[in-house]
Amino acid sequence: MKTNPGRFFEDYRIGETITHAVPRTVSGGERALYHALYPARHALYSSDEFARASGLSASPIDDLAAFHVVFGKTVPDISLNAVANLGYAEGRWLAPVYPGDTLRSESTVIGLKENSNGKSGVVYVRTRGLNQNGDCVLEYVRWVMVRKNHLDAPAPEAVVPELKKALAPSDLVIPAGLDFTRYDFALAGEPHRWGDYQVGEQIDHVDGVTIEEAEHMIATRLWQNTAKVHFDATFRDDGKRLIYGGHIISMARALSFNGLANAQMIVALNGGAHANPCFSGDTVKAWSEVLDKADTDAPGVGAIRLRLVAVKQGAAPFALKGADGKYAPEVLLDLDYWAVMPK
């Protein structure tokens with residue numbers, strides 16, 4: 001058989017490294033499409049001149065656009081037969097990605113655990129995005145629930161990796177040359193500096209976006225994400241196409257501009273959970289909480305740790321979990337990340 005049915009849970013082995021197919025050279029087209037799909041307005045990713053004034057050679061590709069490109073390469077080998085993508089940890093952006101760079105991906109299996117129903121299991125992988133020079137520009141861990149093909153296949157020995165709950169400030173990699181001492185707050189869109197935010201502060205980002213099927217289809221195709229749950233309406237029992245979790249991440253990040261316009265670059269992903277499914281017609285809003293702050297060695301640059309929560313219609317203000325410790329049904333995304341901000 002020459003076609004690829006995708007891997008099933010029983011096909012993975014601890015320690016194996018998978019080289020993912022089809023490297024991709026990114027261009028300004030990725031930026032234009034990204035900004036067309038999401039209301040993304042952070043100045044450093046929009047303007048070469050703003051980026052140069054901040055010490056970079058030009059405006060990089062949006063941090064999450066680079067993430068989607070790297071992530072999309074992994075789907076045929078990791079999550080083609082996924083029930084759901086469950087979470088992320090230990091993500092770091094290690095170098096900016098510029099138009100003209102060519103990205104490829106590789107993943108190492110670091111954990112396996114069959115579910116109690118015997119029909120699926122959780123696969124943990126550490127993925128690295130590499131550029132044309134072999135430099136790692138992005139790395140992260142994710143775990144995915146994957147169907148079994150043969151229900152009688154023996155369960156592997158359970159291995160669940162120990163992952164950091166959060167990356168320390170010393171783990172963060174600030175882009176070489178980044179300098180916010182000449183930062184133009186008027187052009188950035190808001191006056192709020194790193195020192196204006198307090199740990200524990202919550203920010204309602206006010207705006208909402210109704211998710212459209214067509215935009216989601218364009219996004220998943222753009223990132224070459226071939227997971228069946230996103231494309232094939234017959235794959236789920238309810239006949240619905242599941243909205244790609246990365247689509248919600250980017251939408252929430254873009255909405256967070258209103259209140260966090262100066263959180264210019266994401267440099268680390270501490271953890272994330274797609275708490276509940278999202279479908280076409282849902283209206284997404286977002287709120288953030290400041291979890292931590294840290295100095296950096298870069299001139300005028302502070303690091304801020306944020307919780308970004310995406311919710312759909314009907315959500316109570318700043319509600320996350322119920323008394324039972326489970327996510328409220330209106331919560332779509334709970335993302336914990338570090339960003340850099342002018343001091």
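1. The second largest cavity is lined by Tyr34, Ala40, His42, Tyr45, Asp62, Asp63, Leu64, Ser250, Arg253 and Ala254. A cavity here is a set of points, on a 1 Å grid over the protein atoms alone, where a 1.4 Å probe fits but cannot get out, and lining residues have an atom within 4 Å of a point. This is a predicted model, in which local features need pLDDT of at least 70, side-chain atom pairs count only at pLDDT 80 or more, and totals for chains, interfaces and linings use all residues. Residues are numbered from 1 along each chain as its sequence is written, and side-chain values use heavy atoms, with hydrogens and water left out.

2. Two elements, α3 and α7 (245–255), each give two or more residues to the lining of the second largest cavity. The largest share, three residues, comes from α7. Helices (H or I, at least four residues) and strands (E, at least two) are DSSP runs numbered from the N terminus.

3. The second largest cavity holds about 60 Å³ of space. Volume is the space filled by probe spheres set on the grid points, which are joined across faces, edges and corners. By class, its lining has five nonpolar, two polar and three charged residues. Nonpolar means Ala, Val, Leu, Ile, Met, Phe, Trp, Tyr, Cys and Pro; charged means Asp, Glu, Lys and Arg; the others, Gly among them, are polar.

4. The count is three cavities of 30 Å³ or more. The largest cavity has about 120 Å³ of space. Of its 15 lining residues, Tyr45, Trp93, Ala95, Pro96 and Met265 are the closest to the centre.

5. For the largest cavity, α3 (63–78) and β8 (265–274) give two or more lining residues, with the largest share, three residues, from β8. That lining has 14 nonpolar residues, no polar ones and one charged.

Methods:
On a 1 Å grid over the protein atoms alone, a cavity is a set of points where a 1.4 Å probe fits but cannot get out, and a pocket is an open set with protein on both sides within 12 Å along at least five of seven lines; lining residues have an atom within 4 Å of a point.
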